[in-house]
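Reader: Please walk me through the charged side-chain pairs in this model. Keep the answers brief.

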Amino acid sequence: MNQEVFFLQNFFNALMLGGLYALIAVGYTMVYGILRLINFAHGDIMMMGVYFAFYTAVLFSSPPLIAAIVAVAGAAGLGFLIDRIAYKPLRNAPRISALITAIGMSFFLESFAVVVFGAVQKPFVQIFKTKESKVILNKVLMVGGARIPLLTFLVILLTLAIFAVLFLIVYKSKIGMAMRAISMDIPTTALMGINVDGVIGFTFALGSALAAASGIMWAMRYPNVYPYMGFMPGMKAFIAAVVGGIGSIPGAVVGGLLLGFIEIFTVSYFPTMSGYRDAFSFIILILILMFKPSGILGKKAIEKV
Amino acid sequence: MSEGRVNQLEKEAVKSKAEVNEPVLVLDHVTMQFGGLIAVNDFDNKVIKGELLGLIGPNGAGKTTVFNVVTGIYYPTKGRIIFDDIDITPFKPYQITHLGIARTFQNIRLFYDLTVLENVLVAQHHELSNPDADRILMRNGKSPKNTQKMWFWRAVTKLGYTSKEKEMLERAKNLIEKVGLSHVMYEKASALPYGEQRKLEIARALATEPKLLLLDEPAAGMNPKETEDLMSFIRRVRDEFNVTVFLIEHDMKVVMGVCERIIVMDYGKIIAEGTPEEIQNNPRVIEAYLGKEWENV
Amino acid sequence: MSMVEKKLSTKTQVILTLLFILGMALLLWWADKGFDSYKQRVLRLIGIYAIMAVSLNLINGITGIFSLGHAGFILIGAYTAAILTLTPSEKAMSYLFGIQPWIKNLHADFFTATLAGGFMAALAAFLIGWPVLRLTGDYLAIASLGFAEIVRIWANNALTITNGPLGLKAIPEYSNIWWVYGWLLFTVVFIASLVYSSYGRALKAIRESRIAAESMGINVFKHQLMSFVVGAFFAGISGSLYAHWLTTVDPRITTMGPMLTFYVLIMIVLGGLGSITGSLIGAAIFAILFEWLRDLEQPFNFFGITVPGIPGIRILVISALFIAVMIFWQRGIMGREELTWNNLYKWLFARRKEGEKS
């Protein structure tokens with residue numbers, strides 16, 4: 001394989017992986033922007049979304065698209081519920097209490113999945129039963145001599161479309177404006193007659209829906225579903241959010257892509273390091289926190305004394 | 001102590017100061033810039049040993065920033081800060097405290113979950129644990145505050161430590177008694193009423209055994225009775241603890257009643273300086289406080 | 001609240017403490033003879049968990065550094081000690097991918113190996129502390145978790161040092177009751193002695209307000225690093241004891257990964273963040289509850305109906321319980337109070353007085 005083809009293949013892989021990270025990262029960044037809370041359970045909400053899709057398709061033999069829609073809606077509801085039950089009672093508690101609760105929630109969801117769905121890995125592609133739908137999985141396109149699966153293109157296009165909708169919601173709609181207002185000043189926003197808890201709930205639902213969408217595409221590409229599948233992508237997406245500047249949605253996109261590219265390219269150009277691929281992101285995190293803690297697109301906060 | 005005696009002491013202090021006139025703190029053309037905002041612009045003044053100096057100015061004039069630069073929380077963009085003949089500009093807050101500058105905060109920052117006694121004891125801890133600040137003292141020909149080593153291991157093994165702990169405890173209790181907080185010695189700081197919290201913050205600063213005490217709006221949020229008490233308390237502190245006091249205050253009654261000299265800041269610059277009487281009649285100060293439109297009225 | 005500090009004389013307290021330790025020793029001696037091997041294992045696990053909890057409590061509860069890297073230090077201690085106590089011939093057998101020659105011939109007794117585990121963990125804390133302790137709050141939490149994951153991933157990949165994903169097996173079961181509780185006693189005495197000194201007050205001051213502590217002349221970074229290193233040292237000790245209790249070490253997520261940090265976090269939150277005696281109580285409750293819930297994972301009889309065992313249910317129950325504790329009972333069992341002779345005396349005394357009044 002020549003250099004350009006090799007590069008092209010990695011380029012598309014990185015674009016896809018980065019997009020998936022970015023989709024999850026947006027959920028972290030929106031919640032952090034509003035509540036200053038790292039929603040540790042975010043990666044596990046993604047995992048639950050994948051299970052929702054899997055079981056909707058398997059138990060009710062519904063077509064994959066319907067299953068995906070059900071899963072995204074289910075994850076949105078789950079995200080909303082988690083906020084109401086676990087985080088809302090702690091709004092006025094020290095910030096670290098909410099973080100501890102979020103860690104607890106993460107383990108709760110993982111063990112819930114172990115108990116209800118079983119710890120065994122299941123092939124997600126089982127949800128594609130008809131011949132036509134299997135084309136999505138197996139078709140390969142030739143681009144400039146490189147063999148790129150159709151799925152990779154689909155994931156990239158779908159991610160772009162989702163981001164377009166997200167930007168419309170956040171920057172053009174009324175509720176988006178409320179979200180941005182709350183991220184600046186909660187008490188003042190409440191005084192303006194905005195239902196703060198409702199908007200926070202919506203933010204959780206929106207972030208969770210995006211995570212589920214990302215998770216479903218993830219499970220199509222990296223084909224298994226299992227209870228701990230949310231941990232690593234969740235951690236990396238969080239790192240992407242921090243790298244891009246936590247609280248900033250464009251930052252989450254930049255951070256996600258950057259992480260995707262670094263991961264894919266280091267692994268393909270230094271194959272001996274592939275065992276350490278998960279460690280890279282953490283090293284990047286520690287470096288960025290040391291040298292530019294506000295991230296690439298984040299605003300610098302000056303501590304008032 | 002009676003009011004008359006206080007006034008007399010005050011006058012004596014002013015007199016002796018006028019004779020010596022030795023600065024304890026020099027701000028040498030200090031500028032502090034945050035991005036495009038110049039919070040402090042070419043601040044050039046001195047604090048004289050033993051005086052009670054006030055710093056006033058409208059909101060956002062840069063008063064607290066001056067304190068933050070002096071105590072090492074911010075590194076000034078330009079200029080030098082000399083304390084007790086040592087250039088302290090590059091030093092960190094904990095080192096500067098060790099050298100002899102203590103402060104209170106505009107919004108009280110006590111160790112709320114610790115008792116009053118523990119709050120004061122914490123302020124003595126730097127004596128055991130600041131070898132780098134002691135080296136600064138020695139480099140400048142002054143005696144270090146602590147000459148013994150390995151305090152961590154002494155504290156853990158309790159070998160050669162208990163007598164020190166006893167001595168620290170004694171000193172802390174003494175100080176608490178002196179400032180009149182002994183009735184709440186074992187209460188948590190969070191349980192204290194507002195006025196006593198302010199007092200405790202000053203007591204805690206005094207426990208570091210400073211030469212210069214910086215008070216950031218000590219009367220903020222106090223009722224008239226508490227303010228009255230505070231004024232005599234500040235005078236007493238200056239005399240009994242032999243410290244120089246530099247304070248920021250919005251309450252004109254406090255500033256004019258306590259301070260012997262006043263510096264006025266506006267938009268980061270010093271616009272006036274003098275005795276309370278001079279400041280009260282200074283047209284620039286009136287303008288800064290009341291705005292230009294008043295002239296037309 | 002009382003205006004005067006109720007105080008037993010130091011002499012009384014020392015005598016009571018010595019009597020307590022003697023009583024505990026007798027109790028352990030009796031348990032060592034009388035308990036069946038399963039209960040003994042649980043008893044030893046309680047001691048090991050207690051060391052993990054007290055050391056994490058020093059970092060998280062007393063100093064207020066919200067570290068999630070404890071499993072990393074435990075793992076370092078566990079591997080260091082296990083590599084040292086395995087004989088060269090045992091190592092030659094289990095390392096399938098070859099072994100670094102300098103590791104192969106290392107050998108030490110259990111005590112030295114445990115100490116070495118502690119020191120390696122402390123060294124790691126010292127090195128990682130420089131970048132990580134520059135951060136605060138949740139950033140620090142994530143960065144320390146990242147550190148622990150890096151260590152775990154390293155253990156999974158450094159085949160000739162750690163034997164990679166296979167881990168180390170057939171580690172001698174040296175962690176008997178005396179080693180475990182001896183180390184626990186040392187841990188508690190060391191950390192309590194530190195906390196009840198000027199240094200401990202400084203650490204609590206940092207927890208309450210970093211800025212005020214710095215302004216009171218405390219070198220915040222140095223003190224945080226000190227607390228981090230001491231906590232990591234004892235985490236390393238507990239790691240060695242844990243390895244010689246499990247008799248295996250491996251780098252899976254569930255053995256010495258985030259899951260273990262989560263368990264220790266549950267113990268200290270349950271006992272009360274900031275209370276040493278609370279951590280001890282939390283560790284004991286966690287270990288017993290966790291073992292007791294094991295029954296749910298086996299098939300059991302419920303009013304005549306045989307319920308099949310549900311794998312994974314105990315973590316589900318534990319984490320649900322944990323969330324409930326966080327929402328309804330944040331202070332935990334002890335809050336920041338300690339179960340000391342003085343407090344015991346004070347509480348008993350105060351209660352009697354109230355009783356007289358009514």
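**Salt bridges within and between chains**

Author: C:Arg336 is partly exposed, at 39% relative accessibility (buried is under 20% relative accessible area, exposed over 50%, partly exposed in between; 1.4 Å probe, protein chains only). This is a predicted model: local features need pLDDT of at least 70, side-chain atom pairs count only at pLDDT 80 or more, and totals for chains, interfaces and linings use all residues. Residues are numbered from 1 along each chain as written, chains are lettered from A and ligands numbered from 1 in written order, and side-chain values use heavy atoms, without hydrogens and water.

Reader: Which residue forms a salt bridge with C:Arg336?

Author: A salt bridge puts a side-chain nitrogen of Lys or Arg within 4 Å of a carboxyl oxygen of Asp or Glu. Here the closest N and O atoms are 2.9 Å apart. C:Arg336 lies in a loop of chain C and its partner in a loop of chain B, so the pair joins two chains. The partner is B:Asp113.

Reader: Are C:Arg201 and B:Glu165 buried or exposed?

Author: Their side chains meet in a salt bridge at 3.0 Å, N to O. C:Arg201 lies in helix H10 of chain C and B:Glu165 in helix H8 of chain B, so this pair joins two chains (helices are DSSP runs of H or I, at least four residues, numbered from the N terminus). Both C:Arg201 and B:Glu165 are buried.

Reader: How many residues apart in sequence are the parts that B:Lys49 and B:Glu22 tie together?

Author: The two side chains form a salt bridge at 3.3 Å, N to O. Each residue lies in a loop of chain B, so the pair ties together parts separated in sequence by 27 residues.
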